[in-house]
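Subject: Structure handover

Hello,

I am passing on a structure for you to look at. The notes on what was found in it follow below.

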Amino acid sequence: MIYLDNAATTKMFESSARVYTNYACTNFFNPSANYAKAVEISKALDEARVSIKEKLKVSNGDIIFTSGATESNNLALRGSLRSGKWEYIFSVGEHPSVYNVAKELEREGYIVHFLSLQSNGEVNYEELSKLLNSKTRYISLMHVSNETGAINDIKRVSLLRDKLAPKALLHVDGVQAFCKIDFSLKELGADLYTISAHKFHGPKGVGALYVKNKDSLKNIVFGGGQEGGLRSGTENVAGIMAMVDAIKHIDVIKNYNHVLKLNKIFKEVIAGKTGISFIETQSPYIISLSFEGVNGETLMRALQDDVIVGMGSACSTKKAGNRILENMGYKSEKIKSSIRVSFSEDLTEDEVKSAGKKILQVYKYVWEKVK
């Protein structure tokens, strides 16, 4: 079986699993306690924060450990809310953990704006420039789309913010970018940045939020005051340490170049075949494909014994439609016939070739059955 749904989750590194076991079963102490073993764990967490900032290529700010991207995104957004006629900007292409919170804010009476997407999946920057003003409090955009692989120009957005809405906070959901594409958070200019461990071979249930200035956030969970008061609750030490182990084992540029080659090989296998099209986007890790005349879910299920592919965001696959592809201008029939292929650096060229050929074979078989 060849696994091509790495945007949904990745297999944990064996070394990270060993680290997890160590901190779950041997060095299991509570970092908030006062005895020596606990103090050692607290120091290990501080070192972990430094490791994450080094990977983000930023020296200032704080790392707040969370249960994953959903909590990080909620903390970034809910923690940034302020009373008054402030305005909040999101794109329609955001993950449900941002988009659904934004819709809830709208229902609660906040002034919320939704940016449309361009045909290539990036946000509409011209529209953003018209929306930004002195009352803009918050902007939240994905770095890399989990649906299409489109990469938003965060530096361009931060420069627009600096010029037109200098009081606004810029939050970036970096789940599909961190440890996958090379960037410097310092150069991007974001105030808040979300990461999730299971997207880069760490464990599920742990992530982090980078916060440039802790005074810009309020806590949304009350308790013992851990994580600088922004996220109370005993830290998931085993998960955090396993996450950092995964980070240390990732060579972003080397992996990117390998996946870029895999992406090219896969496209060469399927390119030009009747009825198949794909969206040309920037991140080599994700490809959105459409298969004329065949329902995407039908194809996914027919493939699953040999090749596992996705249907877009794993957090919203049970819902009808696809607001991202719809907003990019795709018709309903093409959306229904879409699947998502996403790569990992541990795949081989032969595996990708075999997967592409198998997809073609199964597509032809299913198409003949339903035509």
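Two strands are said to pair if DSSP finds at least two bridges between them. In this predicted model, strand 9 (residues 276-278) and strand 10 meet that description, running antiparallel to each other over 3 bridges. Ile 276 has Phe 291 of strand 10 as its bridge partner.

Strand 10 also pairs with strand 12 (residues 338-342), again in the antiparallel sense, over 5 bridges. In that pairing Ser 342 of strand 12 stands opposite Ile 286.

The partner here is strand 5 (residues 136-142), which pairs with strand 6 in the parallel sense over 5 bridges. One of the bridges joins Leu 141 to Val 172 in strand 6.

Now the helices. Helix 1 (residues 14-26) and helix 8 (residues 237-248) have axes that come within 8 Å and cross at roughly 155 degrees. Angles over 145 degrees count as roughly antiparallel, so helix 1 is roughly antiparallel to helix 8. Their crossing is right-handed. From helix 1 the contact takes in Ser 15, Ser 16, Val 19, Tyr 20, Tyr 23 and Ala 24, and from helix 8 it takes in Val 237, Ala 238, Gly 239, Met 241, Ala 242, Asp 245 and Ala 246. Sorted by class, this contact of helix 1 with helix 8 has 9 nonpolar, 3 polar and 1 charged residues.

The other helix pair is helix 3 (residues 69-78) with helix 4 (residues 96-107), which pack at an angle of about 35 degrees with their axes 9 Å apart. The crossing of helix 3 and helix 4 is right-handed. Helix 3 brings Ala 69, Thr 70, Asn 73, Asn 74, Leu 77 and Arg 78 to meet Ser 97, Val 98, Val 101, Ala 102, Glu 104 and Leu 105 of helix 4. The residues in this contact of helix 3 with helix 4 divide into 6 nonpolar, 4 polar and 2 charged.

Regards

How values were computed:
Residues numbered from 1 in each chain as written. Predicted model: local features only at pLDDT ≥ 70, side-chain atom pairs only at ≥ 80, totals over all residues. Heavy atoms only, no water. Axes fitted to C-alpha atoms, helices over the stretch in contact; angles between N-to-C directions. Helix = DSSP H or I, 4+ residues; strand = E, 2+ residues; numbered from the N terminus. Parallel < 35°, antiparallel > 145°, perpendicular 65-115°, else oblique. Left-handed = near helix turned anticlockwise from the far one by under 90°. Contact = heavy atoms within 4.5 Å. Nonpolar A, V, L, I, M, F, W, Y, C, P; charged D, E, K, R; others polar.
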